[in-house]
Amino acid sequence: MNVKERESLLKQGSLKVKWPAEPLLGAYYGEEEVEVAVKTIRESFDPTVGFGFICPEIEAFERAFADYCGVKDCVSINGAGSGLDMVMMCLDLEPGDEVICPSVNFRAQPMSIVGQGGTWIPCEIDPVTLQADPNDIEKRITPRTRAIYPVHMNGLSAPMDDYYEIAERHPHPKYGPLKVIGDAARSCGGGYKGTKIGKKGWMTVFSFHTQKLMTTLGEGGAITTDDETIVPRLKAIRQFGWGAGGWGTNYKMTKVQAAVGLVQVKKLDQMIGSRRKVAQARSKMLEGIPGLTLPFEPEGCVHTYYLYTLLVPKEWAGEKRDEFMMRLREEYGVDSVVANPPAHTSIPFLAEHTGRSSLPVSEEIAARLFCVPTHPCMSEEDNAYICAALWDLAEKMKA
Ligand SMILES: Cc1ncc(COP(=O)(O)O)c(C=O)c1O
(Lines give C-alpha, C1' and ligand atoms only; values in the text may rest on other atoms or scores of the structure.)
Protein backbone atom coordinates (compact mmCIF):
# COMPACT_ATOMS: atom_id res chain seq x y z
CA MET A 1 0.00 0.00 0.00
CA ASN A 2 1.66 3.24 -1.11
CA VAL A 3 1.69 6.58 0.71
CA LYS A 4 -0.91 8.18 -1.57
CA GLU A 5 -3.38 5.33 -1.12
CA ARG A 6 -2.90 5.45 2.63
CA GLU A 7 -3.33 9.18 2.88
CA SER A 8 -6.47 9.15 0.79
CA LEU A 9 -8.00 6.31 2.87
CA LEU A 10 -7.22 8.08 6.13
CA LYS A 11 -8.57 11.40 4.79
CA GLN A 12 -11.83 9.76 3.69
CA GLY A 13 -12.51 8.94 7.32
CA SER A 14 -12.95 6.08 9.68
CA LEU A 15 -14.38 2.57 9.64
CA LYS A 16 -17.96 2.11 8.44
CA VAL A 17 -18.43 -0.56 11.15
CA LYS A 18 -16.86 -0.04 14.57
CA TRP A 19 -15.39 -3.53 14.59
CA PRO A 20 -14.53 -4.90 18.04
CA ALA A 21 -11.09 -6.58 17.95
CA GLU A 22 -12.83 -9.94 18.38
CA PRO A 23 -16.29 -9.33 16.89
CA LEU A 24 -19.21 -10.30 19.07
CA LEU A 25 -20.74 -12.38 16.27
CA GLY A 26 -17.99 -14.29 14.49
CA ALA A 27 -20.21 -15.98 11.90
CA TYR A 28 -23.06 -14.50 9.87
CA TYR A 29 -26.72 -15.31 10.22
CA GLY A 30 -29.56 -15.03 7.71
CA GLU A 31 -33.24 -15.78 7.30
CA GLU A 32 -32.48 -19.50 7.00
CA GLU A 33 -31.33 -19.67 10.64
CA VAL A 34 -34.34 -17.62 11.78
CA GLU A 35 -36.78 -19.80 9.86
CA VAL A 36 -35.36 -23.07 11.14
CA ALA A 37 -35.32 -21.77 14.72
CA VAL A 38 -38.96 -20.64 14.51
CA LYS A 39 -40.02 -23.92 12.87
CA THR A 40 -38.26 -25.97 15.56
CA ILE A 41 -39.83 -23.91 18.35
CA ARG A 42 -43.31 -24.27 16.80
CA GLU A 43 -42.92 -28.04 16.49
CA SER A 44 -41.96 -28.19 20.16
CA PHE A 45 -45.31 -26.69 21.27
CA ASP A 46 -46.75 -30.21 21.15
CA PRO A 47 -46.59 -31.74 24.67
CA THR A 48 -45.77 -35.12 23.13
CA VAL A 49 -42.74 -33.55 21.41
CA GLY A 50 -41.33 -30.68 23.49
CA PHE A 51 -37.80 -29.32 23.26
CA GLY A 52 -36.10 -32.43 24.39
CA PHE A 53 -33.40 -33.58 24.36
CA ILE A 54 -31.42 -36.16 22.42
CA CYS A 55 -33.74 -35.70 19.44
CA PRO A 56 -33.48 -36.02 15.62
CA GLU A 57 -32.19 -32.42 15.30
CA ILE A 58 -29.26 -33.19 17.65
CA GLU A 59 -28.50 -36.44 15.86
CA ALA A 60 -28.65 -34.78 12.43
CA PHE A 61 -26.33 -31.99 13.53
CA GLU A 62 -23.86 -34.44 15.07
CA ARG A 63 -23.78 -36.51 11.87
CA ALA A 64 -23.32 -33.40 9.71
CA PHE A 65 -20.50 -32.02 11.87
CA ALA A 66 -18.73 -35.41 12.05
CA ASP A 67 -18.96 -35.72 8.25
CA TYR A 68 -17.70 -32.15 7.83
CA CYS A 69 -14.62 -32.95 9.96
CA GLY A 70 -14.20 -36.37 8.31
CA VAL A 71 -14.47 -38.25 11.62
CA LYS A 72 -16.58 -41.16 12.82
CA ASP A 73 -18.30 -39.43 15.70
CA CYS A 74 -19.38 -36.11 17.11
CA VAL A 75 -20.93 -35.50 20.52
CA SER A 76 -22.67 -32.12 20.73
CA ILE A 77 -22.43 -30.21 24.01
CA ASN A 78 -23.21 -26.82 25.53
CA GLY A 79 -19.76 -25.25 25.07
CA ALA A 80 -16.06 -25.93 24.61
CA GLY A 81 -15.36 -25.27 28.30
CA SER A 82 -17.54 -28.28 29.18
CA GLY A 83 -15.93 -30.26 26.36
CA LEU A 84 -12.43 -29.63 27.70
CA ASP A 85 -13.56 -30.76 31.16
CA MET A 86 -15.06 -33.89 29.59
CA VAL A 87 -11.92 -34.88 27.68
CA MET A 88 -9.86 -34.43 30.84
CA MET A 89 -12.39 -36.61 32.74
CA CYS A 90 -11.78 -39.35 30.16
CA LEU A 91 -8.11 -39.46 31.21
CA ASP A 92 -9.07 -40.40 34.83
CA LEU A 93 -6.20 -38.28 36.11
CA GLU A 94 -4.62 -39.20 39.44
CA PRO A 95 -2.93 -36.61 41.68
CA GLY A 96 0.46 -35.81 40.21
CA ASP A 97 -0.51 -36.77 36.64
CA GLU A 98 0.69 -34.16 34.17
CA VAL A 99 -0.85 -32.72 31.01
CA ILE A 100 1.11 -30.41 28.71
CA CYS A 101 -0.51 -27.45 26.97
CA PRO A 102 0.75 -24.03 25.86
CA SER A 103 0.53 -21.00 28.11
CA VAL A 104 -0.12 -18.47 25.32
CA ASN A 105 -3.69 -19.64 25.25
CA PHE A 106 -7.19 -18.99 26.49
CA ARG A 107 -7.49 -20.06 30.11
CA ALA A 108 -9.99 -22.89 29.49
CA GLN A 109 -7.47 -25.64 28.70
CA PRO A 110 -5.25 -25.18 31.77
CA MET A 111 -8.40 -24.76 33.91
CA SER A 112 -9.71 -28.11 32.65
CA ILE A 113 -6.50 -29.90 33.68
CA VAL A 114 -6.46 -28.38 37.16
CA GLY A 115 -10.22 -28.93 37.50
CA GLN A 116 -9.77 -32.68 37.06
CA GLY A 117 -6.99 -32.84 39.65
CA GLY A 118 -4.12 -32.94 37.17
CA THR A 119 -0.96 -30.87 37.05
CA TRP A 120 -0.71 -28.34 34.25
CA ILE A 121 2.69 -28.35 32.58
CA PRO A 122 2.78 -25.18 30.50
CA CYS A 123 4.89 -25.34 27.35
CA GLU A 124 6.41 -22.85 24.95
CA ILE A 125 5.01 -21.86 21.57
CA ASP A 126 6.75 -21.72 18.23
CA PRO A 127 7.37 -17.98 17.74
CA VAL A 128 6.41 -18.14 14.04
CA THR A 129 3.23 -20.25 14.07
CA LEU A 130 2.24 -19.46 17.70
CA GLN A 131 1.40 -23.18 18.15
CA ALA A 132 2.68 -25.43 20.98
CA ASP A 133 6.36 -26.10 20.24
CA PRO A 134 6.96 -29.86 19.71
CA ASN A 135 10.63 -29.66 20.80
CA ASP A 136 9.73 -27.91 24.01
CA ILE A 137 6.91 -30.39 24.69
CA GLU A 138 9.32 -33.29 24.35
CA LYS A 139 11.65 -31.75 26.94
CA ARG A 140 8.80 -31.49 29.45
CA ILE A 141 7.64 -35.12 29.25
CA THR A 142 8.09 -37.18 32.44
CA PRO A 143 6.82 -40.64 33.52
CA ARG A 144 3.78 -38.77 34.93
CA THR A 145 2.80 -37.20 31.59
CA ARG A 146 -0.63 -38.38 30.43
CA ALA A 147 -1.42 -36.20 27.44
CA ILE A 148 -0.22 -33.61 24.94
CA TYR A 149 -3.01 -31.04 24.78
CA PRO A 150 -2.44 -28.50 21.99
CA VAL A 151 -4.72 -25.60 21.11
CA HIS A 152 -5.18 -24.80 17.42
CA MET A 153 -4.31 -21.22 18.15
CA ASN A 154 -6.20 -18.32 16.60
CA GLY A 155 -7.53 -20.31 13.67
CA LEU A 156 -4.46 -22.24 12.52
CA SER A 157 -3.87 -25.97 12.95
CA ALA A 158 -1.22 -27.07 15.41
CA PRO A 159 1.39 -29.53 13.99
CA MET A 160 -0.47 -32.67 15.05
CA ASP A 161 1.80 -35.22 13.33
CA ASP A 162 4.80 -33.87 15.24
CA TYR A 163 2.98 -34.37 18.54
CA TYR A 164 1.96 -37.91 17.57
CA GLU A 165 5.58 -38.82 16.84
CA ILE A 166 6.59 -37.57 20.28
CA ALA A 167 3.63 -39.34 21.91
CA GLU A 168 4.75 -42.64 20.38
CA ARG A 169 8.35 -42.13 21.48
CA HIS A 170 7.38 -41.52 25.10
CA PRO A 171 4.76 -44.06 26.14
CA HIS A 172 3.28 -43.77 29.60
CA PRO A 173 4.41 -46.77 31.71
CA LYS A 174 0.78 -47.82 32.35
CA TYR A 175 -1.32 -46.28 29.57
CA GLY A 176 1.00 -46.55 26.54
CA PRO A 177 1.47 -43.82 23.91
CA LEU A 178 0.50 -40.41 25.21
CA LYS A 179 -2.90 -39.13 24.18
CA VAL A 180 -3.00 -36.11 21.86
CA ILE A 181 -6.12 -34.01 22.41
CA GLY A 182 -6.89 -30.78 20.54
CA ASP A 183 -8.70 -27.59 21.51
CA ALA A 184 -10.17 -26.25 18.27
CA ALA A 185 -12.49 -23.69 19.86
CA ARG A 186 -11.08 -21.01 17.53
CA SER A 187 -10.32 -23.18 14.52
CA CYS A 188 -13.41 -25.00 13.38
CA GLY A 189 -13.09 -25.69 9.63
CA GLY A 190 -9.34 -25.12 9.42
CA GLY A 191 -7.20 -27.55 7.42
CA TYR A 192 -4.15 -29.71 8.12
CA LYS A 193 -2.39 -31.86 5.50
CA GLY A 194 -5.54 -32.45 3.48
CA THR A 195 -7.76 -33.09 6.51
CA LYS A 196 -10.04 -30.83 8.50
CA ILE A 197 -9.04 -29.89 12.04
CA GLY A 198 -10.67 -32.51 14.25
CA LYS A 199 -9.47 -35.48 12.24
CA LYS A 200 -6.09 -35.67 14.02
CA GLY A 201 -6.33 -36.09 17.75
CA TRP A 202 -7.79 -38.67 20.09
CA MET A 203 -10.55 -36.14 20.67
CA THR A 204 -10.97 -32.54 19.49
CA VAL A 205 -13.10 -29.93 21.23
CA PHE A 206 -14.96 -27.21 19.28
CA SER A 207 -16.80 -24.08 20.37
CA PHE A 208 -19.88 -22.55 18.78
CA HIS A 209 -19.84 -19.55 21.13
CA THR A 210 -21.15 -16.31 19.62
CA GLN A 211 -17.67 -15.02 18.73
CA LYS A 212 -16.53 -18.21 17.04
CA LEU A 213 -16.33 -19.20 13.37
CA MET A 214 -19.83 -20.69 13.47
CA THR A 215 -22.34 -20.36 16.26
CA THR A 216 -25.36 -22.22 17.61
CA LEU A 217 -27.32 -19.23 18.99
CA GLY A 218 -24.44 -17.95 21.09
CA GLU A 219 -23.34 -21.02 23.02
CA GLY A 220 -22.59 -24.61 22.09
CA GLY A 221 -19.79 -26.97 21.26
CA ALA A 222 -18.82 -30.43 20.09
CA ILE A 223 -16.27 -33.17 20.63
CA THR A 224 -15.15 -35.14 17.58
CA THR A 225 -13.34 -38.47 17.63
CA ASP A 226 -12.51 -41.56 15.59
CA ASP A 227 -12.42 -43.65 18.77
CA GLU A 228 -15.84 -45.28 18.96
CA THR A 229 -15.01 -46.77 22.35
CA ILE A 230 -14.90 -43.36 24.06
CA VAL A 231 -18.22 -42.08 22.65
CA PRO A 232 -20.49 -43.88 25.18
CA ARG A 233 -18.47 -42.34 28.02
CA LEU A 234 -18.75 -38.84 26.51
CA LYS A 235 -22.50 -39.27 26.08
CA ALA A 236 -22.86 -40.54 29.65
CA ILE A 237 -20.95 -37.56 31.07
CA ARG A 238 -23.17 -35.25 29.01
CA GLN A 239 -26.40 -36.75 30.36
CA PHE A 240 -26.23 -37.87 34.03
CA GLY A 241 -24.47 -41.17 33.37
CA TRP A 242 -27.19 -42.38 30.97
CA GLY A 243 -26.16 -45.37 28.82
CA ALA A 244 -22.61 -46.28 29.79
CA GLY A 245 -23.15 -45.28 33.43
CA GLY A 246 -20.64 -43.63 35.72
CA TRP A 247 -20.61 -39.99 36.67
CA GLY A 248 -22.48 -37.52 34.54
CA THR A 249 -24.24 -34.20 34.58
CA ASN A 250 -26.00 -32.02 32.02
CA TYR A 251 -23.81 -30.67 29.23
CA LYS A 252 -26.35 -30.92 26.43
CA MET A 253 -26.88 -28.61 23.48
CA THR A 254 -30.54 -27.70 22.91
CA LYS A 255 -32.70 -28.86 20.05
CA VAL A 256 -33.08 -25.34 18.58
CA GLN A 257 -29.30 -24.81 18.73
CA ALA A 258 -28.75 -28.08 16.85
CA ALA A 259 -31.28 -27.12 14.16
CA VAL A 260 -29.49 -23.79 13.66
CA GLY A 261 -26.10 -25.52 13.80
CA LEU A 262 -27.12 -27.70 10.87
CA VAL A 263 -27.62 -24.53 8.79
CA GLN A 264 -24.38 -22.97 10.05
CA VAL A 265 -22.23 -26.00 9.28
CA LYS A 266 -23.44 -25.87 5.67
CA LYS A 267 -22.20 -22.26 5.48
CA LEU A 268 -18.94 -22.85 7.30
CA ASP A 269 -16.66 -23.22 4.28
CA GLN A 270 -18.21 -20.13 2.72
CA MET A 271 -17.68 -18.12 5.93
CA ILE A 272 -14.08 -19.30 6.21
CA GLY A 273 -13.54 -18.54 2.53
CA SER A 274 -14.66 -14.95 3.16
CA ARG A 275 -12.35 -14.67 6.19
CA ARG A 276 -9.45 -15.94 4.11
CA LYS A 277 -10.18 -13.37 1.40
CA VAL A 278 -10.11 -10.55 3.95
CA ALA A 279 -6.86 -11.89 5.47
CA GLN A 280 -5.15 -12.43 2.13
CA ALA A 281 -6.09 -8.96 0.86
CA ARG A 282 -4.88 -7.51 4.15
CA SER A 283 -1.56 -9.33 4.09
CA LYS A 284 -1.03 -8.05 0.54
CA MET A 285 -1.75 -4.46 1.59
CA LEU A 286 0.57 -4.81 4.60
CA GLU A 287 3.47 -6.33 2.64
CA GLY A 288 6.64 -4.45 3.63
CA ILE A 289 5.09 -2.56 6.57
CA PRO A 290 7.87 -1.42 8.91
CA GLY A 291 8.27 -3.42 12.09
CA LEU A 292 5.19 -5.64 12.00
CA THR A 293 5.31 -9.40 11.36
CA LEU A 294 2.24 -10.72 9.57
CA PRO A 295 0.43 -14.02 10.33
CA PHE A 296 2.04 -17.14 8.90
CA GLU A 297 0.29 -20.01 7.15
CA PRO A 298 2.54 -23.10 7.04
CA GLU A 299 2.48 -25.28 3.95
CA GLY A 300 -0.31 -27.86 4.15
CA CYS A 301 -2.43 -25.77 6.52
CA VAL A 302 -5.61 -23.85 5.79
CA HIS A 303 -5.74 -20.95 8.26
CA THR A 304 -9.25 -19.83 9.22
CA TYR A 305 -7.95 -16.45 10.45
CA TYR A 306 -10.23 -16.51 13.47
CA LEU A 307 -7.90 -13.74 14.61
CA TYR A 308 -5.46 -11.77 12.48
CA THR A 309 -2.41 -11.83 14.73
CA LEU A 310 0.49 -9.40 14.29
CA LEU A 311 3.83 -9.14 16.09
CA VAL A 312 5.69 -5.90 16.84
CA PRO A 313 9.51 -5.99 16.76
CA LYS A 314 11.40 -7.27 19.82
CA GLU A 315 12.42 -3.73 20.76
CA TRP A 316 8.74 -2.75 20.96
CA ALA A 317 7.73 -5.64 23.25
CA GLY A 318 5.54 -4.68 26.21
CA GLU A 319 5.07 -0.95 26.71
CA LYS A 320 5.65 0.13 23.14
CA ARG A 321 3.28 -2.57 21.85
CA ASP A 322 0.70 -1.32 24.36
CA GLU A 323 1.27 2.25 23.16
CA PHE A 324 0.78 1.07 19.56
CA MET A 325 -2.56 -0.52 20.47
CA MET A 326 -3.66 2.55 22.44
CA ARG A 327 -2.79 4.96 19.62
CA LEU A 328 -4.42 2.67 17.04
CA ARG A 329 -7.64 2.93 19.05
CA GLU A 330 -7.48 6.61 19.99
CA GLU A 331 -6.04 8.15 16.82
CA TYR A 332 -7.56 5.84 14.19
CA GLY A 333 -10.56 4.20 15.91
CA VAL A 334 -9.19 0.69 15.29
CA ASP A 335 -9.65 -1.74 18.17
CA SER A 336 -7.15 -4.52 18.95
CA VAL A 337 -6.67 -7.23 21.55
CA VAL A 338 -3.82 -9.30 23.01
CA ALA A 339 -4.95 -12.88 22.42
CA ASN A 340 -3.62 -14.18 24.66
CA PRO A 341 -1.26 -13.16 27.45
CA PRO A 342 0.49 -16.20 28.99
CA ALA A 343 -1.98 -17.91 31.30
CA HIS A 344 0.79 -19.00 33.71
CA THR A 345 1.58 -15.38 34.62
CA SER A 346 -1.61 -13.44 33.90
CA ILE A 347 -4.10 -15.60 35.81
CA PRO A 348 -3.28 -15.78 39.53
CA PHE A 349 -5.16 -19.06 40.07
CA LEU A 350 -3.15 -20.75 37.30
CA ALA A 351 0.10 -19.10 38.37
CA GLU A 352 -0.33 -20.71 41.78
CA HIS A 353 -0.83 -24.09 40.14
CA THR A 354 2.33 -23.98 38.04
CA GLY A 355 4.80 -22.89 40.70
CA ARG A 356 5.21 -19.69 38.65
CA SER A 357 7.33 -21.37 35.98
CA SER A 358 9.36 -19.35 33.52
CA LEU A 359 8.64 -19.52 29.79
CA PRO A 360 10.86 -16.93 28.11
CA VAL A 361 9.67 -17.47 24.51
CA SER A 362 5.98 -17.33 25.45
CA GLU A 363 6.50 -14.27 27.61
CA GLU A 364 8.38 -12.44 24.86
CA ILE A 365 5.94 -13.34 22.07
CA ALA A 366 2.93 -12.46 24.21
CA ALA A 367 4.49 -9.04 24.85
CA ARG A 368 4.75 -8.54 21.08
CA LEU A 369 1.47 -9.87 19.74
CA PHE A 370 -1.82 -8.13 19.11
CA CYS A 371 -4.84 -8.89 16.94
CA VAL A 372 -6.76 -6.43 14.77
CA PRO A 373 -10.41 -6.94 13.76
CA THR A 374 -11.41 -9.36 11.06
CA HIS A 375 -14.75 -10.83 10.00
CA PRO A 376 -16.22 -12.68 7.03
CA CYS A 377 -18.47 -9.67 6.32
CA MET A 378 -15.77 -7.00 6.57
CA SER A 379 -15.92 -4.68 3.55
CA GLU A 380 -12.89 -4.04 1.35
CA GLU A 381 -13.08 -0.40 2.46
CA ASP A 382 -12.90 -1.24 6.16
CA ASN A 383 -10.09 -3.70 5.54
CA ALA A 384 -8.14 -1.08 3.57
CA TYR A 385 -8.74 1.55 6.26
CA ILE A 386 -7.34 -0.78 8.96
CA CYS A 387 -4.25 -1.35 6.78
CA ALA A 388 -3.81 2.39 6.19
CA ALA A 389 -4.03 3.01 9.95
CA LEU A 390 -1.45 0.27 10.67
CA TRP A 391 0.94 1.64 8.03
CA ASP A 392 0.61 5.24 9.19
CA LEU A 393 1.11 4.40 12.85
CA ALA A 394 3.95 1.91 12.23
CA GLU A 395 5.85 4.61 10.32
CA LYS A 396 5.23 7.21 13.03
CA MET A 397 6.29 4.81 15.78
CA LYS A 398 9.39 3.79 13.87
CA ALA A 399 10.39 7.43 13.44
C1 LIG B 1 -9.08 -21.54 22.81
C2 LIG B 1 -10.41 -21.60 23.52
N3 LIG B 1 -10.74 -22.70 24.21
C4 LIG B 1 -11.92 -22.80 24.85
C5 LIG B 1 -12.83 -21.78 24.84
C6 LIG B 1 -14.13 -21.93 25.59
O7 LIG B 1 -15.21 -21.99 24.71
P8 LIG B 1 -16.73 -21.89 25.19
O9 LIG B 1 -17.03 -20.43 25.31
O10 LIG B 1 -17.52 -22.53 24.09
O11 LIG B 1 -16.86 -22.63 26.47
C12 LIG B 1 -12.54 -20.61 24.13
C13 LIG B 1 -13.51 -19.51 24.12
O14 LIG B 1 -13.23 -18.37 24.06
C15 LIG B 1 -11.29 -20.51 23.46
O16 LIG B 1 -10.96 -19.42 22.78
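## Basis of the description

Residues are numbered from 1 along each chain as its sequence is written. Because the model is predicted, local features need pLDDT of at least 70 and side-chain atom pairs count only at pLDDT 80 or more, whereas totals for chains, interfaces and linings use all residues.

## Domains and their contact

The domain assignment, which is automatic or taken from a database, divides the protein chain into domain 1 (3-23 + 267-398) and domain 2 (31-263). Their C-alpha centres are 27 Å apart, and 34 residues of domain 1 are in contact with 32 residues of domain 2 (contact requires C-beta atoms, placed from the backbone, within 7 Å).

On the side of domain 1 that touches domain 2, helix 9 (255-285) gives the most, with five residues; the elements giving two or more residues also include helix 12 (348-353) and helix 13 (360-366). Helices here are DSSP runs of H or I with at least four residues, and strands are E runs of at least two, numbered from the N terminus.

## Ligand shell

Around the ligand stand G79, A80, G81, F106, A108, V151, D183, A185, R186, S207, H209 and G221, each with its C-beta atom, placed from the backbone, within 6 Å of the molecule. This shell divides into five nonpolar, five polar and two charged residues, where Ala, Val, Leu, Ile, Met, Phe, Trp, Tyr, Cys and Pro count as nonpolar, Asp, Glu, Lys and Arg as charged, and the others, Gly among them, as polar.

The buried residues of helix 14 (residues 380-398) include Y385, I386, L390 and W391, and their cover includes helix 1 (3-12), helix 9, helix 10 (319-332) and strand 12 (369-372).

## Backbone features

Most residues other than glycine have a negative phi, and most peptide bonds are trans. D92, which is not a glycine, has a positive phi of about 50 degrees and is exposed, with 11 other C-beta atoms within 10 Å.

Key:
Two residues are in contact if their C-beta atoms, placed from the backbone, lie within 7 Å. The expected span of a helix is 1.5 Å times one less than its number of residues. A residue is buried if 20 or more other C-beta atoms lie within 10 Å of its own, exposed if 12 or fewer, and partly exposed in between; C-beta atoms are placed from the backbone.
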